[in-house]
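Please look at the sequence and the structure shown below, and keep both at hand while reading the report that follows.

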Amino acid sequence: MGTALLKKMVEGLFPRLCVGCGLAREGGGEHLCPLCQDYIELIAEPHCQTCGIPAEIDYEYPTEDFQCGLCQKATFHFDRVRSLGIYDSVLKRLIHFFKYRKQPGAIQEIKPLLKSHFQNDAQAYEGFHVVSVPLHFNKLKERGFDQSFVLAQAVAQVLNLPILVRPISRIRETPPQAKQSRAERAKNVCGAFQVMPPEGVAGKDVLLVDDVMTTGSTVNEVARVLKRAGTHCVHVFTLARA
Ligand SMILES: [Zn+2]
Ligand SMILES: [Zn+2]
């Protein structure tokens, strides 16, 4: 029997299901059907030039250097944040599949999205070093892989940038942040990270990568320790923005 026929028979018995809609799928990518691939809500201009959040054009009047209300008041340690899409529907399910159902292979579905996200913005990262937001060792043991590092590797590959392997460590385990307020989250991550050794990042420009940004307290705290260790510029990229 030919391998093509065998493959067809196996697919008939075990249809490949789309991670986005749960239906049997044909075509599309590694894990999403073509409809769900199109359904990912990408963040486009106008967005805040600092934190990257889309402008609410119902009542905001975005200009070229538009800053959201929060960024006008707050001072962050990172220089800017850009996120690929909104943490909702298909992208949220894809990230859950990647992170909680422990499927590092989902990065194959994410890579083409990264390519299109960075195609117009690659120049902004020239000379940068890619760094991932670290997991605590206990979490790494529990999950079996470090999803931010896998994502950072893909970003480094797409942008053709060097990656620094774990220059930062999470020295304190932090409770899950899902149900916490902005103030609680900031307190929660304070003092959780350490740069080691500081010479590794001193004077460099860093592109800090994480999967999801909610209030930004995690990336802000990592940016703070990086800056204290002498990092020049900290740009942040997250796959999704909650
Ligand atoms: Zn689907
Ligand atoms: Zn902002």
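Predicted model: local features only at pLDDT ≥ 70, side-chain atom pairs only at ≥ 80, totals over all residues.

The site of the zinc ion (ligand 1) is tetrahedral, with angles of 104 to 116° among its 4 donor atoms; four donors count as tetrahedral if all angles lie between 85 and 135 degrees. The protein donors are the SG atoms of Cys18, Cys21, Cys33 and Cys36, lying 2.3 Å from the zinc ion, where donors are N, O and S atoms within 2.8 Å of the metal (3.2 Å for Na, K and Ca), and water is not among the atoms, so sites may look incomplete. In sequence these donor residues follow the spacing C-x2-C-x11-C-x2-C.

Residues are numbered from 1 along each chain as its sequence is written, chains are lettered from A and ligands numbered from 1 in the order in which they are written, and side-chain values use heavy atoms, with hydrogens and water left out.

Most residues other than glycine have a negative phi, and most peptide bonds are trans.

| Cis peptide bond | Omega |
|---|---|
| Glu45 to Pro46 | near 0° |
| Met196 to Pro197 | about -15° |

Pro46 lies in the loop between α2 and α3 (69-73), while Pro197 is found in the loop between β4 (193-195) and β5 (205-213).

Key:
Tetrahedral: all angles 85-135°; square planar, octahedral: opposite > 155°, others 65-115°. Helix = DSSP H or I, 4+ residues; strand = E, 2+ residues; numbered from the N terminus.
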